[in-house]
Amino acid sequence: MLRRISYLTRLVGIGWTLARHDALFPLQQFDAPPLFLRLAGLPGRLRRRKYQHLRPGERLASAFEELGPSFIKLGQALSVRADLLGEDIAADLGRLRDRLPPFSFAEAKASIEHELGHPLSDLFEDFDEKPVAAASIAQVHFATVRDGDDLREVAVKVIRPGIAEKFSRDLGLFYWLAEMAERAEPSLRRLRPVDVIRTLQESVAIEMDFRLEAAAADEIREIFAADEDFRAPTIDWERTGETILTMERVRGIPMGDRAALEASGLDRSELAVRVIRIFLKQAMREGLFHADMHHGNLFVEDDGTIVAVDFGIMGRLDRPTRIFMAEMLGAFIAGDYRRAAEVHFEAGYVPPHKSVDLFAQACRSIGAPIRGKPVSEISVGRLLAQLFQITKTFDMETRTELLLLQKTMVTVEGVARDLDPDINFWSAAQPVVEEWAIDNMGVEARIVDTLMTAADLFERVPRLLGSAELALDKVNAVADLRREAAEQRNRAYLIAGLAGFGGALVGAVLVAFLLV
């Protein structure tokens with residue numbers, strides 16, 4: 001009860017803030033918005049005029065920024081859910097500015113020394129007290145460390161004090177609201193709002209354990225060690241812990257700095273192609289991709305190598321999902337909408353009781369408008385977003401990993417088009433996609449799959465035989481028990497029969513004796 005009262009009190013403040021930003025519109029999808037939110041918003045409605053010129057998504061993003069770290073992360077989580085709020089609002093939430101005032105150097109110093117167990121002066125040769133960036137979860141300082149006679153530049157990410165407790169409090173509220181939404185509006189269950197919060201919780205848990213972010217960066221660095229176009233910074237494991245992350249300082253041009261890129265003489269069209277291919281290599285070839293590849297997280301070195309930072313949000317796709325994506329996109333581009341529909345049914349994304357023909361018709365409604373257009377005008381991310389919008393009609397459950405992929409695709413396309421407005425996504429993607437398709441969907445790949453399946457079967461044969469032998473032993477044991485029970489039963493019948501016969505014989509003798 002006390003928890004619910006605290007939630008209701010918090011909701012009044014939230015409602016007030018949303019109303020002042022004219023951002024209560026998400027409640028309009030419910031027949032009866034909570035009365036306390038309506039009342040909380042009344043005073044604020046008088047002061048919302050300065051936000052009226054903004055789009056709905058921009059107003060909601062502005063309100064989330066004011067509500068603090070938990071709501072900034074909630075907005076980022078909702079930015080991949082165009083099926084919940086619509087494509088335009090989701091896009092606006094995707095541009096949320098994750099910026100907060102920095103916390104003090106004294107707090108940063110105390111956190112570093114507590115986590116790493118040494119005085120700051122022992123860990124770093126020099127440490128810049130002024131942070132270069134401050135966000136909802138952490139802030140970053142530049143520093144130098146000594147390696148023998150050499151000095152090495154590093155970037156140190158320090159978690160914001162007390163942030164775990166704040167997130168824990170608000171996540172409880174988010175779960176409560178999501179559960180209420182599912183009860184109040186049964187049609188929302190298909191969209192799994194509780195799963196949105198669960199995904200947010202998992203994402204935040206990973207983001208707040210910097211060892212996991214370091215591991216993701218290290219994995220990407222290892223995978224792309226031989227790649228000439230892309231790399232990830234080196235992790236300083238000695239100075240990294242749960243709340244502290246130290247990595248190589250990246251010296252490069254921010255991807256969003258057009259003037260600096262122009263002055264550098266680098267070919268922006270070539271950089272645009274590289275951005276697309278880097279993403280596809282991660283997603284299609286490796287099944288592991290940086291899911292936050294916006295301008296601020298990408299830098300370009302003097303030789304054109306692209307370096308990514310901030311590996312707190314990562315996406316993973318298993319091989320069947322990657323094959324589904326390749327076949328589905330291929331069918332759309334070829335205009336084979338029947339095959340596009342069949343791929344969805346084969347993957348189990350559409351319930352089997354639905355009509356393949358009707359789903360193919362829905363696919364055509366998405367694909368036909370782009371037929372005949374120059375490939376440079378076709379956005380893969382937008383195509384996927386439109387496809388996800390028809391899920392309601394066919395009772396398709398939301399696949400969060402595909403939504404994260406779609407959101408990242410839109411981001412990557414945006415970065416590439418900023419570099420080169422005439423970029424041809426399909427031409428840039430073709431070499432990577434073709435190579436992956438040959439390796440994973442060609443005849444050789446199918447032979448390899450068959451051999452791997454056979455090898456797995458042969459490997460399992462001894463275990464299967466052992467299990468069969470054990471089962472046979474059990475069957476034989478049961479048979480022995482049944483046989484023994486039958487023998488005991490027969491002996492009992494025999495004894496009973498003999499006893500009856502003997503009793504009858506004795507009775508007959510007694511009768512005869514009495515008659516005589």
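Visitor: How does α13 pass α19, left-handed or right-handed?
Guide: α13 makes a right-handed crossing with α19 (the near helix is turned clockwise from the far one by less than a right angle). Both are helices in the DSSP sense (H or I runs of at least four residues, numbered from the N terminus). This is a predicted model, with local features needing pLDDT of at least 70 and side-chain atom pairs pLDDT 80 or more, while totals for chains, interfaces and linings use all residues. Numbering starts from 1 along each chain as its sequence is written, and side-chain values use heavy atoms, without hydrogens or water.

Visitor: What angle do α13 and α19 pack at?
Guide: About 30°, with the axes 9 Å apart; α13 covers residues 268-286 and α19 residues 425-441. The angle is therefore in the roughly parallel class (under 35 degrees).

Visitor: Which residues of α13 and α19 make the contact?
Guide: On α13, V273, I276, R277, L280, K281, M284 and R285. The α19 side has F425, S427, A428, A429, P431, V432, V433 and W436. Contact is heavy atoms within 4.5 Å.

Visitor: Now the cores. How many residues has the largest nonpolar one?
Guide: It has 109, and L60, F64, I276, F279 and F359 have the most contacts inside it. Core members are buried nonpolar residues joined through side-chain atoms within 4.5 Å.

Visitor: Which helix gives the most to this core?
Guide: α13, with 10 residues. A second, separate core has 14 residues, including F124, F127, V145 and V158.

Visitor: Switching to α15: which residues are buried?
Guide: In α15, residues 337-346, they are Y337, A340, A341, V343, H344 and F345 (buried is under 20% relative accessible area with a 1.4 Å probe, protein chains only).

Visitor: What follows α15?
Guide: G348, with a positive phi near 80°.

Definitions and conventions. Axes fitted to C-alpha atoms, helices over the stretch in contact; angles between N-to-C directions. Helix = DSSP H or I, 4+ residues; strand = E, 2+ residues; numbered from the N terminus. Parallel < 35°, antiparallel > 145°, perpendicular 65-115°, else oblique. Buried < 20%, exposed > 50% of the residue type's maximum accessible area, 1.4 Å probe, protein only.
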